[in-house]
Structure formats: C-alpha cells, structure tokens
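Biologist: I'm new to this one. Can you put it up and walk me through it?

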Amino acid sequence: MAKQADLLRQWIEEKTGEATRDVLKNRIEGSRVMAVTSGKGGVGKSNLTLNLAMALADRQQRVVVLDADLGLANINIMLGYEPQYTLWDVVQEKVPLRHTIQPGPHGIRIIPGGSGIAQLAALQSVEISRIIEGFQELEGECDWLMIDTGAGISANVLSFVLAADEALVVTNPEPTALADAYGLIKAVWESSGSVSLKLVMNRVVQKESALQMGERLTTLSQRVLGRPVEFLGMVSEDGNVARAVLRQEPFWSLYPRTAASQDVGAIADRLLDRIPPPKRGGWGAFVRRLTHTWSALEDSGDSQKKGSV
Ligand SMILES: Nc1ncnc2c1ncn2[C@@H]1O[C@H](COP(=O)(O)OP(=O)(O)O)[C@@H](O)[C@H]1O
Ligand SMILES: [Mg+2]
C-alpha cells in the first residue's frame with residue numbers, strides 16, 4: 001500500500017501540477033464511478049449511458065455523464081445541442097473541466113467529449129490528467145459518474161474501464177459482438193483490473209436465447225478467466241430507440257412506456273439494489289486507480305499502449 005501511494009505521489013509530481021496533487025487531499029466521498037463500454041462498436045453504449053443516467057436521476061440520484069468516447073463523442077448529438085466547450089478545451093487548458101458541464105435532461109449533468117478531433121483520440125496520459133484535475137471540483141456533487149467510453153481494448157478505453165468501480169459491458173446477441181465482449185473482458189482481467197464487470201445484452205428479440213447467450217458468456221469468463229461477470233440485464237430491440245436518436249431526444253423521456261425504457265428502468269433498479277453506496281473513496285479511488293493504470297502501462301514499456309493512453 002505504502003509503495004503504491006509513493007508511486008502515485010511520485011507519478012503525480014512528475015506528470016502533473018498542484019491541482020492534481022490536491023486530488024489526494026480532497027478525496028471525494030460517495031461517488032460511484034461506472035464505465036459503460038463494449039468490445040464492438042455501435043452496440044448501444046451511448047444510448048444506454050444517457051437513458052440509464054436519466055433513469056437513475058429519476059430515482060433521486062445525482063448523475064454526471066462523462067462522454068469519454070474521445071474523438072467520437074456523441075452524447076451531445078443525441079441531445080441535439082452544440083456544447084460551447086468540450087474535453088478538448090480542457091485538454092488544451094482553455095477552460096477548467098467545470099466550465100464544460102452542461103445541464104442535461106431530468107437533472108443529469110454532462111461533460112461533453114469532442115467529436116472529429118483526431119488528437120483527442122490519441123491523448124497522452126499527461127493530457128488525460130488535465131481532465132482528471134477537473135474531477136476534484138465535483139466533490140460531493142454526484143452519486144454516479146457514468147463514463148461512456150469508446151469501443152475496443154485500446155489503452156485509452158481500458159484506462160477508463162480499469163479506473164471505474166463498475167463497468168457495464170454492452171453487447172448484443174450477434175456472435176461478433178459476443179466475441180468482442182469476451183475479448184474485452186479478457187483484456188480487463190489480463191490488466192489485473194479490480195473493476196466489477198456487469199454484462200448488459202442489448203437489442204434483444206428473443207429473451208430466452210439472449211439469456212442463454214449471456215449466461216454462456218458469463219460462464220466462459222468464470223471458467224476460463226476465473227472471475228465472475230454478472231449478467232445485469234437485457235434491453236429489448238425497440239424501434240423507438242432509433243426513432244428517438246433521429247429526433248435527438250432520449251427514448252427515456254420521449255417514449256417512457258416503450259420496451260427499452262422499461263428495461264432500462266429495471267436495470268437502474270437493479271443497480272441501486274446491487275451496488276451499495278461506496279465507502280470512502282469514490283473519486284479519490286477513481287483517480288488513484290487511473291494513475292496507477294498509467295504507471296503500470298508506462299512501466300511495461302509498451303510504447304504503443306503508452307502513446308494512446
Ligand atoms: N435497444 C435498441 N433497439 C433498437 N435499436 C438500438 C437499440 N440500442 C441501440 N440501437 C441502435 O444502435 C445505434 C447505435 O447505438 P449507440 O448507442 O450510438 O451505440 P455505441 O455508443 O455503442 O456506438 C442507435 O443509433 C440505434 O439505432
Ligand atoms: Mg457511442
């Protein structure tokens with residue numbers, strides 16, 4: 001423990017300034033950090049993140065959504081607004097992270113990512129630290145930090161996943177999506193992540209066979225990797241999801257009774273049921289794990305990984 005703390009302090013002193021150092025002093029209590037991620041792209045991460053955030057908000061939770069699909073961010077597009085500032089401005093040190101926060105529907109708050117910015121997709125760890133420096137300002141202001149990550153197993157994506165308390169691994173019943181979900185789960189275990197993984201099966205037409213496929217995946221993870229992945233729930237294939245995307249409004253508010261909304265509501269209930277409020281830690285723990293991940297990546301001397309964190 002002491003060694004890890006020393007490493008972190010050293011890393012912070014080398015890589016960042018006063019502000020990040022203060023993160024350790026101002027530890028945030030009570031925030032649950034949950035990444036929403038996937039192996040394959042286009043499986044429904046952003047829709048799940050946004051609508052689940054709203055479902056949690058409707059259950060009296062204070063939620064901040066971080067759009068961390070760096071370079072391809074689209075939460076703001078799903079809501080039909082152009083943010084004044086994005087993470088790109090934070091990285092460029094134009095504005096503090098707090099100034100990028102946008103009020104969203106049902107009281108959620110959103111930290112917009114930048115879209116179409118190649119440099120954002122290839123951030124260095126020191127640049128991501130600027131984003132983290134802003135995190136401390138949100139101390140005590142939220143119950144959930146939800147992170148909509150990019151797809152795949154790049155160091156950039158894994159950093160966010162490994163730093164979170166929970167990660168929802170989104171897949172659909174297609175073999176390619178299932179295989180990529182397994183690849184992601186494997187990559188997380190190989191990075192010895194302590195993040196708790198939960199599977200969400202999206203776009204379900206036949207519940208029984210989707211359940212079987214999900215269980216096959218969680219059983220395989222348990223058997224081969226020796227770590228459990230909880231099957232959190234399913235979201236139905238629902239034409240109203242695409243309709244809502246086209247109208248640039250969340251389906252949660254546009255079609256509150258549609259199947260997808262009911263499923264997302266059930267997932268929110270299950271999360272509140274299964275994930276106890278965090279003990280002391282929250283943001284502080286998130287920052288510690290994130291910086292530790294970077295140290296490990298840098299120690300491993302994997303320059304390709306290092307460059308894309
Ligand atoms: N439950 C669903 N039912 C029907 N279509 C869906 C569902 N979830 C997602 N989609 C479709 O998939 C598209 C991609 O979803 P999105 O959330 O942007 O994926 P990702 O963030 O993983 O790339 C949506 O625009 C929508 O058309
Ligand atoms: Mg997305």
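Modeller: Let's begin with one residue, L145. It is buried, because 24 other C-beta atoms lie within 10 Å. Keep in mind that this is a predicted model.

Biologist: Which strand does L145 lie in?

Modeller: L145 is part of strand β5, residues 144-151.

Biologist: And what does L145 touch, apart from residues up to four places away in sequence?

Modeller: Leaving those out, L145 touches S31, V33, V64 and L66. L145 and M34 are 111 residues apart in sequence, yet 6.1 Å apart in space, C-alpha to C-alpha.

Biologist: Let's zoom out. How many helices and strands does the protein have?

Modeller: The protein has 15 helices and eight strands.

Biologist: What share of the residues count as buried?

Modeller: 49% of the 309 residues count as buried.

Biologist: And contacts along the chain? Among those between residues at least 6 apart in sequence, what share join residues at least 24 apart?

Modeller: 79% of those contacts do.

Biologist: Is helix α8 mostly covered or mostly open?

Modeller: Mostly covered. Helix α8 spans residues 155-163, and eight of its nine residues are buried. The buried ones are N156, V157, L158, S159, F160, V161, L162 and A163.

Biologist: Switching to the ligand. Which residues come nearest to ligand 1?

Modeller: There are 17 residues around ligand 1, and G44, K45, S46, N47 and A242 come nearest.

Biologist: Which elements give two or more residues to that shell?

Modeller: Those are α3 (45-57), β7 (196-204) and α11 (239-246).

Biologist: You mentioned β7. Tell me about M201.

Modeller: M201 sits in strand β7. It is buried, because 29 other C-beta atoms lie within 10 Å.

Biologist: What is M201 in contact with, leaving aside neighbours within four places in sequence?

Modeller: Its contacts are T171, N172, P173, A210, G214 and M234.

Biologist: Now helix packing. At what angle do α3 and α13 pack?

Modeller: About 60°, with their axes 9 Å apart. Helix α13 covers residues 259-274. At that angle the two helices α3 and α13 are therefore oblique to each other. The crossing of α3 and α13 is right-handed.

Biologist: Which residues make that contact?

Modeller: From α3, N51, L52, A55 and L56; from α13, V264, G265, I267 and A268. By class, six are nonpolar, two are polar and none is charged.

Biologist: How about α9 and α10? What angle there?

Modeller: Helix α9 (residues 175-190) and helix α10 (residues 207-225) pack at about 30°, and their axes are 11 Å apart. Angles under 35 degrees count as roughly parallel, so α9 and α10 are roughly parallel to each other. Their crossing is right-handed.

Biologist: And which residues form the contact there?

Modeller: α9 brings L178, A181, Y182, I185, K186 and W189, while α10 brings M213, L217, L220, S221 and L225. By class, that contact has nine nonpolar residues, one polar and one charged.

Biologist: On to the loops. Where is G41?

Modeller: G41 is in the loop between β1 (32-38) and α3. It is partly exposed, because 13 other C-beta atoms lie within 10 Å. G41 and G150 are 109 residues apart in sequence and 7.6 Å apart in space, C-alpha to C-alpha.

Biologist: What is the phi of E93 near?

Modeller: Near 60°, a positive value in a residue other than glycine. E93 lies in the loop between α5 (87-91) and β3 (102-103).

Biologist: Is E93 buried or exposed?

Modeller: E93 counts as exposed, because it has 10 C-beta neighbours inside 10 Å.

Biologist: And H106?

Modeller: Phi of H106 is also positive, near 60°, and H106 is not a glycine. Its place is the loop between β3 and β4 (109-111). H106 is partly exposed, because 15 other C-beta atoms lie within 10 Å.

Terms used:
Residues are numbered from 1 along each chain as its sequence is written. Chains are lettered from A and ligands numbered from 1 in the order in which they are written. This is a predicted model: local features need pLDDT of at least 70, side-chain atom pairs count only at pLDDT 80 or more; totals for chains, interfaces and linings use all residues. A residue is near a molecule or strand if its C-beta atom, placed from the backbone, lies within 6 Å of it. Helices (H or I, at least four residues) and strands (E, at least two) are DSSP runs, numbered from the N terminus. Axes are lines fitted to C-alpha atoms, for helices over the stretch in contact, and angles run from 0 to 180 degrees between N-to-C directions. Angles under 35 degrees count as roughly parallel, over 145 as roughly antiparallel, 65 to 115 as roughly perpendicular and the rest as oblique. A crossing is left-handed if the near helix is turned anticlockwise from the far one by less than a right angle, and right-handed if clockwise. Two residues are in contact if their C-beta atoms, placed from the backbone, lie within 7 Å. Ala, Val, Leu, Ile, Met, Phe, Trp, Tyr, Cys and Pro count as nonpolar, Asp, Glu, Lys and Arg as charged, and the others, Gly among them, as polar. A residue is buried if 20 or more other C-beta atoms lie within 10 Å of its own, exposed if 12 or fewer, and partly exposed in between; C-beta atoms are placed from the backbone.
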